[in-house]
Each structure stands twice: as C-alpha cells, then as structure tokens.
Amino acid sequence: MIRLKILITSTRPGRVSPQFAHWIEGVARGLPAFSVEVIDLKEVNLPFFDEPEHPAKRQYVHEHTKAWSRTIDEADAFVVIATEYNYGFTAVFKNAIDYLAQEWKHKPVGFVGYGGVAGGTRSIQLMKPVLTSLNMVPLTEAVYLPFYRQHLDAEGKFQPTEDHHRQALVMLAALEKWAGVLKPLRETPA
Ligand SMILES: Cc1cc2nc3c(=O)[nH]c(=O)nc-3n(C[C@H](O)[C@H](O)[C@H](O)COP(=O)(O)O)c2cc1C
C-alpha cells in the first residue's frame, strides 16, 4: 500500500481547501493502491520555525517538530491542495516544509490547484523548486480548478465534474507509478 497524505495548506477561517482535500481523499480511497490520510496544517498548528539546528541533522528539540517529523516520515506520496495567495503558495506551507528535510526525500507530489483565472498554477510552479531542493518529485499531472466558485453549490459544497474526476485519476495513477519507482531510494539509508 502507498501511504498517501493529502496536505491542506490554507488555514484562514472560512477557507475552501478542505472541500478539495476531502474530495480527492474520496477518489483515492476508491483505488486499491492507497491508504489515505488528510493532514490539515491548521490542526498541525506549527509555530514559526523554531528549531536551533538544520533539519537535516534531525536533532529536533521541540515536541511539535518530532510529531511533524513522524507524520511526514510515514508518508510515501503526497497530494498538496495548492492554495494560491498573491501568485504564490501559502507561508504556512513553506514554514511546514522548512521544519524537516530527510522526511520529504524521494517522495512524489501531486497537486490540486484552485483559484481565479490561473487555477492555482502559479502557486504550484513556485512550489516546484522548493520541493525539488528537498529531493521530492513534483508531478506534472494535477487537477486545476480555475474560477473554482463556479463549482460550488448553493451551500458552498464542491461539485466536481466528470473532467475533474478524470484529472484526479490521471494524477493519482502518476503518483502510484512514481511512488513505486522511488521506493528503493526511500529504503536506502540517507
Ligand atoms: C491573501 C490572499 C491572496 C490571494 N491571492 C490570490 C492569487 O494570487 N491568485 C488567485 O487565484 N487567488 C487568490 N486569492 C483568492 C483565493 O483563490 C481564494 O480566496 C481562495 O478561496 C483561497 O483559498 P482558501 O479559501 O482555502 O483560503 C487570494 C486570497 C487571499 C486571501
């Protein structure tokens, strides 16, 4: 089983990102390859990075870092719900990334991008150099939701189209493939 973690990266009151996370969670749970967990950075609630040593040393002094390290360590692959703020990704996500190093290594990342005209593309493109610096493998395959509000019903609930579902399956198939290809590297001692 590929242990897939879906990361919610926006934390503001009234945010829409959990809708997309729980949708992709449902799609992934329908596939035999994955065990699935949603990780909400609002609940993880990390302070601004406060470890004295470089994360590559794994000499963490804070309990919140040790818990975050365990959470990311046990993942084989990720889907990032890519909120776009000011043509970039969220500061909360960058902070959560910076806490760790080895834990992210050799793991593929798929994306669900959403927003206005660009559908989260700019956020995703800015994540890529950061993720590759940690030896992660960001995938080309993604779900994009430009003008996402068009797909919310009167109650504000996300109503995916068949095309969204198809994009999700393509992205998850690529994640499965890459998680398998990278497995020997993840099993090699750092
Ligand atoms: C601080 C801020 C900056 C934003 N910048 C962008 C942006 O650059 N591109 C975009 O498509 N939408 C942008 N938006 C609109 C967001 O796509 C929209 O508010 C979305 O609901 C944010 O995700 P969230 O609800 O999970 O926080 C911005 C929203 C906020 C609050």
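**Close-up views of a predicted model**

**View 1. Ring pairs join Phe20, Trp23, Tyr114, Tyr148 and Phe158 into a cluster.** The model is predicted, so that local features need pLDDT of at least 70 and side-chain atom pairs count only at pLDDT 80 or more, while totals for chains, interfaces and linings use all residues. Residues are numbered from 1 along each chain as its sequence is written, and side-chain values use heavy atoms, with hydrogens and water left out. Rings of Phe, Tyr and Trp (its six-membered ring) pair if their centres lie within 6.5 Å, and planes under 30 degrees apart count as stacked, over 60 as edge-to-face and the rest as tilted.

**View 2. Tyr114 and Tyr148 form an edge-to-face pair.** The ring centres of Tyr114 and Tyr148 are 5.4 Å apart, with 90° between the planes. Tyr114 lies in strand S4 and Tyr148 in the loop between strand S5 (137-146) and helix H6 (162-187), so the pair ties together parts that are 34 residues apart in sequence. Strands (E, at least two residues) and helices (H or I, at least four) are DSSP runs, numbered from the N terminus. Both Tyr114 and Tyr148 are buried, a term for under 20% relative accessible area (1.4 Å probe, protein chains only).

**View 3. Asn95 is found in helix H4, residues 91-98.** Asn95 is buried, with a relative accessible area of 12%. Leaving aside residues up to four places away in sequence, Asn95 touches Leu46, Pro47, Phe48 and Phe49, where contact means heavy atoms within 4.5 Å.

Terms used. Buried means under 20% relative accessible area, exposed over 50%, partly exposed in between (1.4 Å probe, protein chains only).
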